[in-house]
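The sequence and the model are shown below.

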Amino acid sequence: MSEVPPTRMNQQVFKGKKKAAESGHKLLKKKADALKVKFRDYAKMIAETKGSMSSDATTAFFSLTQAEYAAGNFKQKVAEGTLTARVRVGAGIDNVAGVKLPVFTPYETGSIADNQSLGLVGGGKKIVSVRDKFTVFLHQLIKLASLQTSFVTLDEAMKVTNRRVNALENVTIPKIQNILDYIDRELDELEREDFTRLKLVQGKKEDVEADKENTNTNGKDTDITADFDAQDDADVVF
């Protein structure tokens, strides 16, 4: 603090810095609260999605077992196809309190499903059921990936924001306040010194004025002819 001159200008400068720091602290605090609420929402949605995925995965693989039992082992025929993707993943951005969160959304490409002839001999309905159930499972998987990626990004943003809030609250604002207190003490001391100096000067002036008044009063009361004796003077002859 000694490197900061205790002047009125510096006092106003640091008051402005303190006000800006307090405003920034309030905004960051609101941002941290908003991120915390969104963080809890994402955690809740991830738990719900994982719970539904468990049943979807069980249903999908059980349906696959039923289809293999009805139509035989058709995995080799599926692998021999062109394997054109019918579902792709698009990436987007969700803005939460200034934090950009990645969002994955599935979309249909419009491609015709390969191996339409599967199940002609038997088990065709089971194969179609397997395709539908695994499509639902895939959508849930994409949703979970999107939620978890956003969750991790949100967690990092929360840590950075909380560090900034703590730095402003525990370091920056107290430091500025200490400097302001130092400047106030020094300015008060300077004011007291100036007041004392003015009192001394005023006292000196009053003493000088009092001396002048006493001198003038004594001069008026004294007869200046009393110091002279007329008998000692020689006679004047005309």
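Which residues form one aromatic cluster? The cluster is formed by Phe61, Phe134 and Phe137.

## Basis of the model

This is a predicted model, in which local features need pLDDT of at least 70 and side-chain atom pairs count only at pLDDT 80 or more, while totals for chains, interfaces and linings use all residues. Residues are numbered from 1 along each chain as its sequence is written, and side-chain values use heavy atoms, without hydrogens and water.

## Overall architecture

The chain has 3 helices and 2 strands, in the order α-α-β-β-α from the N terminus. Helices (H or I, at least four residues) and strands (E, at least two) are DSSP runs, numbered from the N terminus.

Of the 238 residues, 21% are buried (under 20% relative accessible area; exposed is over 50%, partly exposed in between; 1.4 Å probe, protein chains only).

## Aromatic pairs

The structure holds 3 aromatic pairs (ring centres of Phe, Tyr or Trp, the latter by its six-membered ring, within 6.5 Å; planes under 30 degrees apart are stacked, over 60 edge-to-face, the rest tilted). The rings of Phe61 and Phe134 are edge-to-face, with centres 5.2 Å apart and planes at 80 degrees. This pair links helix α1 (residues 8-71), which holds Phe61, to helix α3 (residues 124-221), which holds Phe134, across 73 residues.

Phe134 also forms an edge-to-face pair with Phe137, at 6.5 Å centre to centre and 90 degrees between the planes. Phe134 and Phe137 both lie in helix α3, 3 residues apart. Phe137 is buried at 16% relative accessibility, whereas Phe61 is partly exposed at 45% and Phe134 partly exposed at 24%.
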